[in-house]
Amino acid sequence: MSFKLDKLTVRHLAGSQAAALHALDLDVQQGEQLALIGPSGAGKTTLLSTLACAHQPAEGALSVFGLDPWALPQAVRHRLRARLFLAPQTPPLPPRQRVVTAVLAARLPGWSLGRALRSLFKPVEPDAAFEALRRFGLGDKLYARVDRLSGGERQRCSLARLLLSNAEAFLVDEPISALDPALARITLATLQEEAAARKATLVCSLHQVDMARVHFARIVGLRDGRIVFDLPREQVTDAMIAALYENERIEAYPHPPHETPERIAVGACF
Ligand SMILES: Nc1ncnc2c1ncn2[C@@H]1O[C@H](COP(=O)(O)OP(=O)(O)OP(=O)(O)O)[C@@H](O)[C@H]1O
């Protein structure tokens, strides 16, 4: 079993302290691949970062590879995290770095300090970085600077890191949000092939519901921090999807809640 959640509630420290996830129950077997879908703010990112042990739950039980991450000493939890790869929606890549160096950073946990320092000056495994980038259609960017990549290229650069990691579970947040349809298909296929080849678990949040239903056998629908359904794709109906996204609309606030129209009228921002 990769992940077991039992009545798991998660709150963000900043903001309203309202629960972002409410009493979730979820089992994910090792090697399983599932898509997380749901409207903006549903809690997909929070769930992924909780599974990655980046976010401590407020209540309930979390088991990752059979261990309770938050009952472990920090160093052991750190080793547990190294078995997980979280690919965030906006990857935090060092801007002035070359792509090859950024991708090879995935190897750092397995390298000695000397090898890591050497690689900063002359990348030690450029062929491995090239191969990972090539699988995401980025072979020509090996020596490009990270801050000269487009949004979609940065996303794929971050996923190329995933290929070089030794992770046993991939937690991927909206990996195709900046990609055209053809690249989106290649990207999902590459992630799924890699997960299947190393029997790694893949949990992937997606806004593209159609892609989720085509590519993933299990679909988990989240809304307002709760699991609305967790079903094999054949059992997910269009009506369920419509209900999941129902009433998604922009709230019509006439002015910020802390400002009166009178104050705004006299230029309150000064
Ligand atoms: N750092 C934070 N501090 C306070 N509240 C947060 C924080 N991050 C997220 N939230 C809140 O937690 C809830 C869930 O947000 P989350 O980012 O997990 O949703 P999501 O489904 O990933 O949304 P999206 O599809 O827009 O990325 C939202 O109400 C959001 O406002």
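These are my notebook entries on one predicted chain.

I am working from a predicted model, where local features need pLDDT of at least 70, side-chain atom pairs count only at pLDDT 80 or more, and totals for chains, interfaces and linings use all residues. Residues are numbered from 1 along each chain as its sequence is written.

**Overview.** I looked up the secondary structure and got 10 helices and 9 strands. Helices (H or I, at least four residues) and strands (E, at least two) are DSSP runs, numbered from the N terminus. The chain has 270 residues, and 36% of them count as buried. Buried means 20 or more other C-beta atoms within 10 Å of the residue's own, exposed means 12 or fewer, and partly exposed is in between, with C-beta atoms placed from the backbone. I also checked contacts (C-beta atoms, placed from the backbone, within 7 Å). Of the contacts with a separation of 6 or more, 65% join residues 24 or more positions apart.

**Sheet.** I traced an open sheet of 6 strands in the order E5-E6-E7-E3-E8-E9, with mixed pairing. Two strands pair if DSSP finds at least two bridges between them. E5 (84-87) and E9 (226-232) are the edge strands; each has a single partner strand, so one side of each is left without a neighbour in the sheet. The twist averages 15° from one strand to the next. Next I took E6 (residues 169-173) and E7 (residues 201-205), which pair in the parallel sense over 5 bridges. Leu171 has Val203 in E7 as its bridge partner. Helix H7 (residues 181-197) packs on the sheet and touches E3 (33-37), E6 and E7. The direction of H7 makes about 155° with that of E7. Axes here are lines fitted to C-alpha atoms, for helices over the stretch in contact, and angles run from 0 to 180 degrees between N-to-C directions.

**Core.** Which residues touch the most other members of the largest nonpolar core? I found Val103, Leu133, Ala160, Phe170 and Leu171, out of 65 residues. Helix H6 (residues 151-164) gives the largest share of this core, 6 residues. Such a core is a set of buried Ala, Val, Leu, Ile, Met, Phe, Trp, Tyr and Cys residues joined through C-beta atoms within 7 Å. Leaving out residues up to four places away in sequence, Ala160 touches Val103, Ala132, Leu133, Phe136 and Leu138.

**H5 and H6.** The axes of H5 (residues 126-135) and H6 come within 8 Å and cross at roughly 125°. That makes H5 oblique to H6. (Under 35 degrees is roughly parallel, over 145 roughly antiparallel, 65 to 115 roughly perpendicular, the rest oblique.) Ala128, Ala132, Leu133 and Arg135 of H5 meet Ala160, Leu163 and Leu164 of H6.

**Tyr143.** I found Tyr143 in the loop between H5 and H6. Tyr143 is partly exposed, with 13 other C-beta atoms within 10 Å. Beyond four places in sequence, Tyr143 contacts Arg98, Val99 and Val100.

**H1.** Helix H1 (residues 44-51) is mostly covered, with 6 of its 8 residues buried. Among them are Leu47, Leu48 and Leu51. Just after H1, Cys53 takes a positive phi of about 65°.

**Ser63.** Ser63 sits in strand E4 (residues 59-64). Ser63 and Leu5 are 58 residues apart in sequence, but 6.5 Å apart in space, C-alpha to C-alpha.

Definitions and conventions: Two residues are in contact if their C-beta atoms, placed from the backbone, lie within 7 Å.
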